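Thanks for coming. I will show one model today and walk through a few parts of it.

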Amino acid sequence: MRRILALFLILMMLGGAALAEPLTASTLTADANVTTVEMSDTLYGLFFEDINYGADGGLYAELLQNRSFEYEDILNPKSVDHYTGWGFNLAFGATGTATVMTEDPLNANNPTYMRVNCTKGEYRFANLGYQSTTFSGGIPVEEGKTYRCFVWMRNAGDFDGQVEIALTKRTGKSLAVPKRFTLTDEWQKYELEFKSSYTEDAVLSFIMHGTGAVDFDMASLIPADAFGADWPGGGLRADLVQALKDLQPSFLRFPGGCVTEGSYYRKNFYDWKDTVGPIEERKENFNTWGYMQSYGLGYFEYFMLAEAIGAEPLPVVHSGLLCQARDVKEAPLTIAETHEYAQDLLDLIEFANGDVTTTWGALRAEMGHPEPFDLKYLGIGNENWDNIYWDRFDILYKAVKAAHPEIEIISSAGPVAEGSLPQYAWRVVRAKYPDTIVDEHYYMDSAWFLNNTHRYDSYPRTTRVFVGEYACHEATQSNGRRPNNLYSALCEAAYMTGLERNSDVVVMASYAPLLAREGMQQWTPDLIWFNAREVLLTPNYHVQQMFASTVGDQVVASSLESLNKRIYHVVTRGSDKLYVKLVNVSEYADAMTLQLTNVPDGAATFTRLTGDKNAVNTFQNKERIAPTQEQIALENGMLTIELPAYSATILTFPLK
Ligand code: AHR
């Protein structure tokens with residue numbers, strides 16, 4: 001301690017005049033060969049939910065909104081309806097009507113369609129995409145890029161002409177070569193491709209050359225170069241997939257979140273079976289967050305995505321309870337119904353892992369993946385608590401374990417960090433289901449995160465935790481949002497040093513929510529923002545990426561001497577690298593001396609995130625807070641590095 005104080009005084013004398021901020025001096029010692037616990041190889045992963053238009057209007061590459069006229073809001077029927085996302089009677093001088101129909105639909109899962117009756121002129125209507133304005137469409141197309149399009153149509157009996165399908169401006173100006181179709185009086189799928197000659201905010205126009213009525217349903221417009229364009233769903237937005245992949249996630253949790261539980265009515269339960277098979281037969285459902293889920297990103301696509309980004313698939317199914325945190329309108333599944341529902345979980349495991357000769361394994365093969373997905377984890381319940389949950393969990397847990405003892409079950413600890421709900425969950429788990437992984441969720445403020453970096457030090461070492469949802473919530477700002485600022489990211493980083501130190505207990509962790517479409521969000525903060533054309537990475541994203549790319553296999557014992565109580569650290573190692581993570585959440589820069597044993601001298605790299613504590617990245621200034629990389633040398637097992645105020649620094653030392 002005397003040495004630190006002396007160094008502190010010397011630094012103050014030498015550098016104090018030149019430095020704008022006070023400087024403390026700290027020393028971290030570690031021996032690379034002295035390790036404490038093994039690190040989980042599934043520590044950092046992704047929590048995906050269709051919130052903030054994260055799937056439809058987001059990751060799912062479909063450019064049309066309400067492509068199948070199924071939109072409805074079961075709580076406020078007037079706010080969202082079957083016409084959402086469409087514009088009718090767009091051509092000057094034409095007349096006609098557009099009527100929502102349900103008689104003789106495309107199929108039973110797709111009950112609603114639009115009957116358009118042209119009475120005069122060339123009646124035009126269009127799908128406007130997302131976030132269209134009075135003057136422009138919401139479909140972002142790029143010059144030279146190809147788009148795959150299809151629509152199901154039927155001559156309603158008296159239509160005497162052709163239907164033209166065109167990629168146009170909202171005004172009607174064509175952006176690509178259109179195509180005309182003559183229809184039969186049966187539902188039929190009509191397909192075409194557009195190569196856009198312009199970069200524009202477009203609409204997908206349907207122009208009726210003739211009078212009479214035509215039935216329209218299930219249209220689609222997806223870039224031909226979408227990620228997974230050959231998957232049954234039609235693919236995902238490549239830039240967002242890349243952003244996910246760059247996080248090097250070890251697991252992908254899906255499909256939520258509250259979305260899993262549905263919210264108000266039983267028909268809201270997320271039924272994985274509604275989300276597989278041909279897309280026109282997937283049964284759309286009202287989304288807890290106020291819009292519809294097309295399920296074009298369904299269970300098959302989630303499994304495919306997990307495989308493509310190198311993550312373990314981790315589905316979370318509902319436990320028979322509608323969202324306990326909401327004002328639900330119907331009772332949960334009865335005990336008898338829960339026994340029946342257990343079969344859905346077994347069918348899901350068969351869909352993921354079953355042989356192609358099984359019913360659900362055969363569907364997986366038919367959808368394009370004969371090999372099993374090697375599902376290892378299953379979450380039962382999202383944010384559930386009390387015996388109403390445990391009674392149902394018991395049935396589902398036993399059914400799965402009896403048939404598939406190899407599947408790891410994840411149970412809920414409710415929606416809050418502390419208090420009687422999680423405490424009770426832990427008592428039940430320890431007494432009855434000690435082999436389950438417990439899913440803790442917490443959205444807390446920065447002080448909580450900093451004060452809880454030792455939360456898991458005292459957890460019994462036999463328990464396993466999945467921090468399934470967490471984020472540092474700063475105060476809501478005048479724009480109505482809780483910010484993704486540097487400070488929140490650093491508080492998460494500080495907290496994550498505690499997760500790593502306890503990685504024998506904390507086997508998985510995922511920030512939540514993952515995605516948000518700018519201007520259409522229901523929840524802030526979020527890890528990745530996007531608009532129609534661009535992706536915006538937050539400081540929180542950079543922290544996740546910095547940590548996930550430097551996990552290691554074991555925690556290395558270390559000790560920190562510092563006067564600055566807002567410096568957090570953890571040291572870990574892999575077979576050939578040592579990682580030192582240092583998070584300075586204070587306003588004071590620090591001169592940090594590392595004294596490392598059994599680490600070869602030579603060049604090391606360090607990655608750093610720093611800046612104004614309140615800074616956020618914006619679409620106008622995406623790189624305001626972004627990691628930088630530099631080199632530094634270790635000599636005689638020592639180096640001194642400045643930790644700027646408000647910074648996260650990760651040093652990587654080669655061990656060989
Ligand atoms: O992440 C947003 C929501 O927070 C999730 O849907 C829910 O599980 C939690 O309450």
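This is a predicted model: local features need pLDDT of at least 70, side-chain atom pairs count only at pLDDT 80 or more; totals for chains, interfaces and linings use all residues.

In what order do its five strands lie? The order is 4-5-13-8-11, in an open sheet with antiparallel pairing. Strand 4, residues 95-101, and strand 11, residues 188-195, stand at the edges. Each of these two has a single partner strand, so one side of each is left without a neighbour in the sheet. On average, neighbouring strands here are turned by 30 degrees against each other, direction ignored.

Strand 4 runs antiparallel to strand 5, residues 113-120, and seven bridges join the two. Within that pairing, Met101 stands opposite Tyr113 of strand 5. As background, strands of a sheet pair through backbone hydrogen bonds, either parallel or antiparallel.

Is strand 17 mostly covered or mostly open? Mostly covered: six of its six residues are buried. In a regular strand, side chains alternate between the two faces of the sheet. Here Glu312, Leu314 and Val316 point one way, while Pro313, Pro315 and Val317 point the other way, and all are buried.

Strand 17 pairs with strand 14, residues 251-254, through four bridges, and the two run parallel. There, Leu252 stands opposite Pro313. Strand 17 also pairs with strand 18, residues 377-380, again in parallel, through two bridges. In that pairing Val316 stands opposite Gly379.

Last, the ligand. Which residues surround the ligand? They are Phe47, Glu49, Ile51, Gly257, Cys258, Trp289, Asn382, Glu383, Tyr443, Glu469, Pro513 and Trp523. Sorted by class, this shell has seven nonpolar, two polar and three charged residues.

Glu49 places a polar side-chain atom 2.6 Å from an oxygen atom of the ligand. Tyr443 also has a polar side-chain atom by a ligand oxygen, at 2.7 Å. As for cover, the ligand taken alone exposes 280 Å², and the protein buries 94% of that.

To recap, we saw an open antiparallel sheet of five strands, a strand 17 whose six residues are buried, and a ligand with 94% of its area buried by the protein. That is all from me.

Technical notes. Residues are numbered from 1 along each chain as its sequence is written. Side-chain values use heavy atoms; hydrogens and water are left out. Two strands pair if DSSP finds at least two bridges between them. Axes are lines fitted to C-alpha atoms, for helices over the stretch in contact, and angles run from 0 to 180 degrees between N-to-C directions. A residue is near a molecule or strand if one of its heavy atoms lies within 4 Å of it. A polar contact is a pair of N or O atoms within 3.5 Å; within protein, one must be able to donate a hydrogen and the other to accept it, and residues adjacent in sequence count only if both atoms are side-chain atoms. Accessible areas come from the Shrake-Rupley method with a 1.4 Å probe; for residues, only the protein chains shown count as cover. Ala, Val, Leu, Ile, Met, Phe, Trp, Tyr, Cys and Pro count as nonpolar, Asp, Glu, Lys and Arg as charged, and the others, Gly among them, as polar. Buried means under 20% relative accessible area, exposed over 50%, partly exposed in between (1.4 Å probe, protein chains only).
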